[in-house]
Number of protein chains: 2
Amino acid sequence: MKRVLMLLTAAAVVGCSGTQGEDASDVDGDVAAAISDINGQFMECVSQGDADLCSSLFTEDALYGAPNLPFAQGRTAIRDAWEKEMEAGMESLRLMTDEVGSFGDTAHEVGRYVVEGPDNVHLDHGKYIVLWKRTSEGWKAHREVFNSDMAQGPQD
Amino acid sequence: MKRVLMLLTAAAVVGCSGTQGEDASDVDGDVAAAISDINGQFMECVSQGDADLCSSLFTEDALYGAPNLPFAQGRTAIRDAWEKEMEAGMESLRLMTDEVGSFGDTAHEVGRYVVEGPDNVHLDHGKYIVLWKRTSEGWKAHREVFNSDMAQGPQD
């Protein structure tokens, strides 16, 4: 299977230049474009307040690892987790992909996020790793762990 | 490149059975064993209070994503991050790997951790994703993001 690794916005992560060497030529634009498209849907589902749509972007048996909670497992639990985040004030989500690597039906993404609330108030920003899986429904988020860069989490 | 995916202790993660289907036959025991060995060294460096040893288990340009801090980038910053965690009371680290997938010189791991302090007091437990990279020095942790399962982080 073809190995691919691409940096989408390496300059946005301080010091990521070191990863750009041997792998930068192995670019699978299709996978990166698919993930970029789905990340657009993540941002859209938040702006629409549609937790069902958000959870549909995960695999059926996904593990969603938010801070200060055990893994939410499966779309129903993940739907509830996103609904709670929206109820807590999340009205806008911005995702910035720094690295994508893909290998057959699996891909990984390293990125950063920004969350805003009503009137564009800044609520949180941080980093994440997502493991993606290609399914019969297309690429889906399969494993995710993220945390805040802020000295205290948004809900502290 | 050969694609491999194995579940080491799938039973330990509720609901991971769904991932055991098509990929379970693709097992690269060597990579899983290497990661298990290095995780043993992570646990050992903490019990020895040796932040230099801990940081040597990462790639030169690794990104270490602890909660409530930006990515620590590179071994010096990562060394300092581990030293601070030890100064905050971490005397024991237990790592439990739930899933490993490897693809050529890249691997990913999903797992859980437990941190204990003096007199085995429980300080923290949570989950992580690590992206591993095979280097001339062997497998090294290259990207890591983790967070606590506890309702409030260990330092709140």
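Me: Which pattern does chain A follow along the sequence?
Reply: Read along the sequence, chain A runs β-α-α-β-β-α-β-β-β-β, where helices (H or I, at least four residues) and strands (E, at least two) are DSSP runs, numbered from the N terminus. Please keep in mind that this is a predicted model, in which local features need pLDDT of at least 70 and side-chain atom pairs count only at pLDDT 80 or more, while totals for chains, interfaces and linings use all residues. Residues are numbered from 1 along each chain as its sequence is written, and chains are lettered from A and ligands numbered from 1 in the order in which they are written.

Me: How much of chain A is buried?
Reply: Of the 156 residues in chain A, 44% are buried, a word used if 20 or more other C-beta atoms lie within 10 Å of a residue's own, with exposed meaning 12 or fewer, partly exposed in between, and C-beta atoms placed from the backbone.

Me: OK, helix 1 of chain A, how many residues does it have?
Reply: Helix 1 of chain A, residues 29-47, has 19 residues and reaches 27 Å from its first C-alpha to its last, close to the expected 27 Å, the expected span being 1.5 Å times one less than the number of residues.

Me: And which of its residues are buried?
Reply: The buried residues of helix 1 of chain A include Val31(A), Ile35(A), Phe42(A) and Val46(A). Seen down the helix axis, the buried residues of helix 1 of chain A fall within an arc of 140° (taken from the directions from the axis to the C-beta atoms), so they line one face. The face turned away from that buried side carries exposed residues, among them Asp30(A), Asp37(A) and Ser47(A).

Me: Switching to chain B, why is strand 7 called largely enclosed?
Reply: Nine of the eleven residues of strand 7 of chain B, residues 138-148, are buried, so the rest of the structure largely encloses it.

Me: How does strand 6 of chain B pair with it, parallel or antiparallel?
Reply: Strand 6 and strand 7 of chain B pair in the antiparallel sense over ten bridges, where pairing requires that DSSP finds at least two bridges between the strands. A hairpin through two residues joins strand 6 of chain B to strand 7 of chain B. Strand 2 of chain B, by contrast, pairs with strand 7 of chain B in the parallel sense, over four bridges.

Me: Last one, where is Asn68(B)?
Reply: Asn68(B) lies in the loop between strand 2 and strand 3 of chain B, and has a positive phi of about 65° although it is not a glycine.
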